[in-house]
Each structure stands twice: as structure tokens, then as C-alpha cells.
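Visitor: I have a model open and a few questions about it. Can we go through it together?

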Amino acid sequence: MDSSTASILVEVFFETIGYWYIIVPTILLGLIVGGIPGFSAANTIIILMPLTLALDLQSGLVFMISLYCSARMGAGIPAILVNIPGTAGAAATPLDGYPMAKQGKGQQALAISFVASCIGGLLTTIIALATMPILARVGFYMHSVEMIVVMLFGISLIASIAAQDMVKGLIAGFLGLMIGSIGTDVVYATPRGTFGILELYDGVPLIPALVGLFAVSEAFVIIEKRVIVNHDGEPKTPNWGDTFDGVRIALKRWVHIVWTSIIGLVIGVIPGAGASIASFVAYQQSRSFSKTPELYGTGHPEGLIAPESANNGVTSGTLVPLLVLGIPGGATAAIMLVVMQFHGVSFGPSLFENQPKVGYGMFMAMAVSYVIMFLTILPLSRYMSHVTTIPTIYLAPMIIAFTLVGGFVPREYMFDMYLALAFGVLGYIARRTGYHVAAILIGVILGPLLEKYFLWSLKKSDGDIMVLFSSTLGNILWVAFALSIILPIVFGMRRKRKFEVPAE
Amino acid sequence: MPSDHHKPPRQIGGELVIPILAVGFTIYFFSTIWNSPWTAQVSAFIVGGILLLVCAIFFVRAGIWLVRGEGTLGVGNLFTMDDIRTGRIGLLVTTIAYVMFIDTLGFTLMTFLFLAASMLILAKGKNAGFITMISAAMALTGWAVFIWAFDTRFPRGWFETTMKAVLANG
């Protein structure tokens, strides 16, 4: 990095801090829209497009980036407190976040999530800034064959979730994959399993599935209890100690934050991949190489850190192909592209030569947003955690009303509300009879993507299945995938043997 | 060490609902792709085949539990009298009504009615005044944020139309 670049970075950094009056309210807005299923940074920027276009370039940029980062973080809040991920990117967060809330550790869990998100986001922003030319090429090397393996990394989480009852876990996971196959096939657009319903021709929409499986079914289950916190949970009088405890727990696991956020960054760079894939892959990898895999799913901090730092790593990752190649890495980045082009910014390699302050400004806006977010949101964890003490007779109907209507938002079809209700019934049956709703959701989210890449690969090779092993990078990923499956089993056996020795 | 001798038999009937749904859906899915190009079939047959296999394993396992007397075909883990006592059935009815009538009555009015009715059912009729107040506050907040401020295309009815006219005319 030469001195002129460094001086631009310093200058842009201080300029961005000057926009604190935009960043702070945008963060609060982002937390709200991120926390309500159906809303996201992408559709909020669309809704507020007239405002965004009316702002000057720098203000508009700061607004969009802050909203993007805070919405990502906001999605984790209801996931932890009431088992409702705000977006599909936070679908892995409740696996360990919600058990913590039920144990009366909601405040700690929020603090852990905020620290993991902010450090993960900040770190990956710095890495992305430093390695932009290299990262930008990742998208070129990741073809359909390689993406199949990335999907399998995420889908293998089903097996981990199924560990307690393998048959039931696999039924839930494969049922999710079958549901995810509903819709037209990607090559010839043949409708499959649609029951003749036109609204299903595009596949099963994710938000109604997420709303039904998590929110609606959860609302019907929690009414059995007076409040969400378990009777045997710690007695709760919110205090600053719990927040600092959460910060300490997260900082103690800084290595974990670093490597799971890098997983998010790399996946975020790949156009078309997204936060949901990143968070599932990060959770699975975190569990695979943990010394205490048996604690995952019971309220383990590492199980909360992994998806949260990974999905915030994705935010900076998606900016890399956008800025360097002009290819948006996700829906929000695509909308940013449109807004920035309106302001006369042309993305691509020339951006950093012609308008370096805009290029670097986007990363600086992200870094500053994460710093301000950390300072503003962390104290709020004390008050947010009160949600778990609201009587369920009030909480359950509110969850149902606002999430069901959230299911309507992305496509604006009334059908999607009925679909969310149907998924709610399925989720309720699954919860009551010992099937894991997260396994179903993983199938619904990743199944269509896996099928898409699989069919593209087969189509390109005229149906030759060996195409799956035809690329060097793909083969390296296959080996890594095999190792990620085998090594934890080996480590587990070694740990078991080590544990058994003193008993002999 | 506690004995399992008096452990109630497993309610397998409830546990069989998801596998039965899965088998039914898979067979239906196969019927829709039977004459389709291979691209529409390949992954569905692989995934559906595995799903049918694991369901078959579960059915065999359930059969063994039944034969050994370790389980019954009861559905007590799904439906009990508690569902009426806790208001779960009532909540289900109000939820279905919410989805059915929101398009006609609009988001604000239907949300208010749904929240008030559901909370009253769950609270067994207690605190009616507080519940009415909190339901109205939530519904109006929803209207103010999502419809007035964000102008989202939430279902609109009498209330939204009236408020739009009121606000437009100062």
C-alpha cells in the first residue's frame, strides 16, 4: 500500500466518522428491519430509494452500507431471544443462541453475538481491503462443480443435527431437500411437485418457510410456559455484569471469530452464494473441529459465534466483486450498484483509479459502522434481553401477527401467508414429535442451490457424473470436505479413548 | 438408579405423521416428473429415494417398538386436552382467521382483532382492558411504521383507506 493510498484511507476514515448522524439512526433502523422476517437491507433500500437517491453520493453510500451491516446483525437478535431468525442468513444462530436465552443467558448471548458480528465484520473489512485483487478472482475459480462441494459443506450440518436420532434427523433433512425441489427445474423449466399452484413455480419462497418453521411453530409451543426463560434458568435481573461476561466469553474465543469470519468473507466473495450458506458452513466447520462438539445445540458460545461472525464476514465479501469487477455478490450489493450508478459511479477496475475515495469509502463506511454499532448496540443488550421475560400470552400472538405478515412482504402474494401457516403446522408437528426444524430449513435453503449447480455441471458435461471430480480446485475441496467429515470422527474416538484410560 | 419399568410407552402415532407425509409427498413428486426430461428427475430421484429409504427404516423401527410393547399408536405427543386448556386450539383458529380475512379487512384492523382475540383466549378473558389497549397500540404502530412511513404494500382495508384520505386532506 503506497503513501497516497494510506493518506486517502485516513482521510476517508475521518470523513466517514463525520457522518455519525446518519450512521446512528440507520443502525437502529437496520436492527428493526433485520429483525423482522421478510424485511431486509435489500428491500429497505428499495423502499427508501427516493431518499437514497436524493442524498449526495457520500451520504447515500454511508446510509446503505450502515443499513446493510446493521440489518445483518439485527437478524440475529430475534433468533437468539425468541428462536426466530430475521433472515435466512441468521438461520443457524438460534441453534445455540436460543438455548442460551432459555437458560436465562439471553443478555450474554446477545453480547457474544454483537462482539462476534462486529469483530468479524471489522476484521473481514480490513482483510478485504488488503487483499481485494486476490479475493476478486475467487469468483472466477468457483464454478458449478466447486459450488456443489461448498453446498455439501453446509448440508452436512444435517448429519450433525441428526446426531441424537440419526433416522429422524435424516428424514427431516431430506424432507427439506424434497420441499426445496418444488418448482421448475433450472434447465427445461419443467414444473415439479407444485400441486398445480402457480405461486410455487418459482420454488418454495424462503421467508414463508422460515417464518412458519421457526416463528409460527415456536409461538404455538411457547404458550405452554409463562415466559420463554426456563423455570430452572438463572433468576434474571438484567445487569451490566452479564453484558461484560458475554464480551469476555467472545473475546476469549477470538481465534474462533477470526477463522469463521474468514469463511464468511470467502463465501461472500462468490457471486450467488450468501449469508445462509456461510453461516451453515461456518457452524458445521466450527462443530467439526471443536474439542466439545457434544455441547453444540445446547447453548454453546462457539455455536453462536460461528454463524454470527460468518454472516457478517459475508457483508464485506459481497463488496469485493462489486467494486473490483462490477459484479454484485448479493441482492443488497446489486441494489447498491443501481444507486451508485445513478450517481455516476462506474464500478470495475478503473474505480480505484478514477474515484478512489468512493471505492475505499465503501469499506471505510463499513468499518466505521461496525465500530459505532459496537458502541451503540452493546449497551442495548441489557434491555433487549427483557423480551425473554414478556409473558407468552402477549408475546405469542405478536410473533404470529408480525412474522406472518412478514412472509407476505418479499413477493406480496397472499398465498405466501397461507404457505407460512402450512409450514407453521409442519414445524409444530416436527417440534412436538422430535424432528429438528433446522434440518428441514437447511434442506429448503440449500437443496435448490445444490440441485442448480449439480444440473449445470451435468449439462456442461453431457451427463458425465465424473465432471464432479474434473477440476483441481474442486478436487482439493472434495478432499477438504472428506477430511471435515472424517477428522472429527477420528478426534472424537481419540478423545473417547483418552477419557476411558483413567477409568481403567 | 431409576428404573425404566414404569416409563410410559412411546407415542409412535405422532412420530409417524412426518414420515407418512414425507412418503406421500415423495410419491406425488415422483408422479409429477415421471415423463419429464432427466434434468427434472435426477436430483429428485436421488433425494426422494434416500428419503423413502430412511422412512422405511423408521417404519420398521416403529413396528419393532409396537411388537415389543415399547410404543403405542397414540398421538398424545401431538394433541392433548391441554391444547384446549392452554388456548392452543383457540390460537390456531384465530391465526387461520387472521390469514383468511387480512386481505379483506386490511392489516391494521385485522392485526388489532387478531391480537385482542388471541391474547384474550390465552389469558382466559382476564385483563381485557389492558389487552385491548396493547393490541390497539401494536396495530397502530405497525400501521405507522409499515404503511404510513415505509409505504409497504401490506394488505389494505377500510382503516388504511380512511387514514390515507385523512392524511391527504391535512
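This is a predicted model: local features need pLDDT of at least 70, side-chain atom pairs count only at pLDDT 80 or more; totals for chains, interfaces and linings use all residues.

Visitor: Which residues in chain A lose the most area to chain B?
Guide: A:Met178, A:Tyr394 and A:Phe402. Together they make up 12% of what that side buries.

Visitor: What is the area buried between the two chains?
Guide: About 5600 Å² between chain A and chain B. Carbon and sulfur atoms give 81% of that.

Visitor: How many polar contacts cross over?
Guide: The rule finds 12 residue pairs in polar contact across the interface of chain A and chain B, both residues at pLDDT 80 or more.

Visitor: Salt bridges next. How many between chain A and chain B?
Guide: Four. One of the salt bridges in the model pairs A:Glu412 with B:Arg153, with the closest N and O atoms 3.1 Å apart.

Visitor: What does B:Arg88 pair with?
Guide: B:Arg88 forms a salt bridge with A:Glu224, and the closest N and O atoms are 2.6 Å apart. B:Arg88 sits in helix H5 (residues 88-105) of chain B and A:Glu224 in the loop between H13 and H14 of chain A, so the pair joins two chains.

Visitor: Is B:Arg88 buried or exposed?
Guide: B:Arg88 counts as buried, because its relative accessibility is 4%. A:Glu224 is at 45%, so it counts as partly exposed.

Visitor: Which residue of chain A forms a salt bridge with A:Glu224?
Guide: A:Arg432, with the closest N and O atoms 3.1 Å apart. That pair links distant parts of the chain, 208 residues apart, with A:Arg432 in helix H23 of chain A. A:Arg432 has 21% relative accessibility, so it counts as partly exposed.

Visitor: How many salt bridges over all chains?
Guide: A search of the whole structure finds 14. A:Glu451 and A:Arg192 form a salt bridge, with the closest N and O atoms 2.5 Å apart. A:Glu451 is in helix H24 and A:Arg192 in strand S2 of chain A, 259 residues apart.

Visitor: Are those two buried or exposed?
Guide: A:Glu451 and A:Arg192 are both buried.

Visitor: Switching to A:Asp96. Where is it?
Guide: In helix H7 (residues 94-102) of chain A. A:Asp96 is buried yet has no salt bridge.

Visitor: How far away is the nearest side chain of opposite charge?
Guide: That is A:Arg287, 7.5 Å away. A salt bridge needs the charged atoms within 4 Å.

Visitor: Which backbone nitrogens lie by a polar atom of the A:Asp96 side chain?
Guide: The backbone nitrogen of A:Gly299 lies 3.0 Å from a polar atom of that side chain. For the backbone nitrogen of A:His300 the distance is 2.8 Å. A:Asp96 also touches other residues, among them A:Tyr283, A:Leu295 and A:Leu304.

Visitor: What about A:Leu419? Buried or exposed?
Guide: Buried, because its relative accessible area is 11%. A:Leu419 is in helix H23 (residues 414-432) of chain A. Leaving out residues up to four places away in sequence, A:Leu419 touches A:Leu200, A:Val204, A:Pro205 and A:Pro208.

Visitor: Last topic, backbone angles. What is phi of A:Asn83?
Guide: Near 65°, a positive value in a residue other than glycine. Most residues other than glycine have a negative phi. A:Asn83 is in the loop between helix H6 (76-82) and H7 of chain A. A:Asn83 counts as buried because its relative accessible area is 6%.

Visitor: And phi of B:Lys124?
Guide: B:Lys124 has a positive phi of about 55° and is not a glycine. B:Lys124 lies in the loop between helix H6 (107-122) and helix H7 (128-149) of chain B. B:Lys124 is exposed, because its relative accessible area is 54%.

Notes: Residues are numbered from 1 along each chain as its sequence is written. Chains are lettered from A and ligands numbered from 1 in the order in which they are written. Side-chain values use heavy atoms; hydrogens and water are left out. Helices (H or I, at least four residues) and strands (E, at least two) are DSSP runs, numbered from the N terminus. Buried means under 20% relative accessible area, exposed over 50%, partly exposed in between (1.4 Å probe, protein chains only). Lys and Arg count as positive and Asp and Glu as negative; His and the chain ends are not counted. A polar contact is a pair of N or O atoms within 3.5 Å; within protein, one must be able to donate a hydrogen and the other to accept it, and residues adjacent in sequence count only if both atoms are side-chain atoms. Contact means heavy atoms within 4.5 Å. Buried area is the accessible area (1.4 Å probe) that two parts lose on being put together, summed over both.
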